Amino acid sequence: SASQLDDIKFYADIIANAGNPIHKERAHKEFSMRLDNWLKSDQFNQEDLESIQWLSVKQPDDKAFTLVTWQLEMDENDNRYFGYLLNGNNILNLVASDYLEDLEYDILSVEDWAGALYYNIHTVVKEEKKYYVLFGYNAHKNYEHRKIVDVLTFNGGTPTFGAEVFKKQDPGERAIIKNRIVLDYSSDANVSINYNPNLDMIVFDHLIARIGRIPGQGPTMLPDGSYVGYQWDGKYFNYIDKLYHQTQDKPPMPKPVLGKNNNKSIFGKRN
């Protein structure tokens with residue numbers, strides 16, 4: 001019903017904009033409960049979901065599923081991620097894990113998800129099976145933000161996150177194959193990673209270790225103005241070093257995460 005949806009939007013707004021973390025957490029409990037009830041009711045429809053401003057709602061080109069993700073920013077070192085995978089009549093909760101030791105190599109489930117706010121999905125096909133490449137952002141912690149490129153596959157209808165498709169092959173060395181790409185970088189840097197349709201590859205800022213610019217930060221990863229990528233060959237995304245050097249003032253940016261208002265940040269706050 002309209003009142004059900006209005007309540008969800010009300011609590012979503014508090015989560016995004018309240019200054020007091022206690023208020024945010026309290027609002028989040030109400031929001032989560034109401035969103036869950038609504039998604040599982042016969043009142044739910046996809047278009048209404050798109051109208052909830054602080055949610056990221058993404059579908060692949062084939063509309064096979066919908067990923068709904070959002071962030072609860074308690075403080076600079078406490079950013080929590082939540083989500084749903086809507087797949088036909090299946091409504092699966094995404095439960096973020098805080099204990100991912102080897103994130104680039106882990107195979108994960110909806111129960112131990114690498115939490116992120118998704119901003120794009122790109123589909124590739126390998127041996128007649130679809131691999132959905134998910135591009136996400138995680139505020140991570142005070143000095144360090146994170147971008148995650150994950151891979152979603154379905155095995156007999158069961159969703160799995162992570163697939164051995166990211167390959168880096170140095171001459172004379174054994175190939176390094178990862179299940180996902182994880183970029184950790186200084187929280188004051190602007191780092192992009194996205195699928196570039198013109199180049200038909202995943203393109204991202206090349207990062208190098210530097211002393212951070214924020215007081216007390218220490219060493220961190222910063223972009224050096226060049227770009228690297230991964231190109232799909234039907235079996236792997238192969239790492240390509242140094243695509244081109246930056247010539248424009250600003251690097252190419254992915255579409256706004258929430259995709260609803262160009263002058264709003266990833267958190268929905270006005271820039």
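Colleague: Which residue's backbone oxygen does the side chain of asparagine 179 reach, and at what distance?

Modeller: This is a predicted model, where local features need pLDDT of at least 70, side-chain atom pairs count only at pLDDT 80 or more, and totals for chains, interfaces and linings use all residues. Residues are numbered from 1 along each chain as its sequence is written, and side-chain values use heavy atoms, with hydrogens and water left out. A polar contact is a pair of N or O atoms within 3.5 Å; within protein, one must be able to donate a hydrogen and the other to accept it, and residues adjacent in sequence count only if both atoms are side-chain atoms. Here the side chain of asparagine 179 reaches the backbone oxygen of tyrosine 105, at 2.5 Å.

Colleague: Is asparagine 179 buried or exposed?

Modeller: Asparagine 179 sits in the loop between strand 10 (176-178) and strand 11 (181-186); helices (H or I, at least four residues) and strands (E, at least two) are DSSP runs, numbered from the N terminus. Buried means under 20% relative accessible area, exposed over 50%, and partly exposed in between (1.4 Å probe, protein chains only). Because its relative accessible area is 3%, asparagine 179 is buried.

Colleague: How far does helix 2 reach from its first C-alpha to its last?

Modeller: Helix 2 (residues 21-39) has 19 residues. The expected span is 1.5 Å times one less than the number of residues. That expectation is 27 Å, and helix 2 comes close to it, reaching 26 Å.

Colleague: Around the axis of helix 2, what arc do its buried residues cover?

Modeller: In helix 2, Lys24, Ala27, His28, Phe31, Leu35, Asp36, Trp38 and Leu39 are buried. The arc, taken from the directions from the helix axis to the C-beta atoms, puts these residues on the same side of helix 2, because it is only 160 degrees.

Colleague: And which exposed residues are on the face of helix 2 turned away from its buried side?

Modeller: The buried residues have cover that includes helix 1 (2-17), helix 3 (46-50) and strand 2 (66-75). The face turned away from that buried side carries Ile22, Arg26 and Lys29.

Colleague: How many residues apart in sequence are the parts tied together by phenylalanine 65 and phenylalanine 154?

Modeller: Rings of Phe, Tyr and Trp (its six-membered ring) pair if their centres lie within 6.5 Å; planes under 30 degrees apart count as stacked, over 60 as edge-to-face and the rest as tilted. This pair is tilted, with 5.6 Å centre to centre and 50 degrees between the planes. Phenylalanine 65 lies in the loop between strand 1 (56-58) and strand 2, and phenylalanine 154 in strand 7, so the parts tied together are apart in sequence by 89 residues.

Colleague: What kind of aromatic pair do tryptophan 70 and phenylalanine 82 form?

Modeller: Tryptophan 70 counts as buried, at 5% relative accessibility, whereas phenylalanine 82 counts as partly exposed, at 24%. Their ring centres are 5.9 Å apart and their planes lie at 20 degrees, so the pair is stacked.

Technical notes: Contact means heavy atoms within 4.5 Å.
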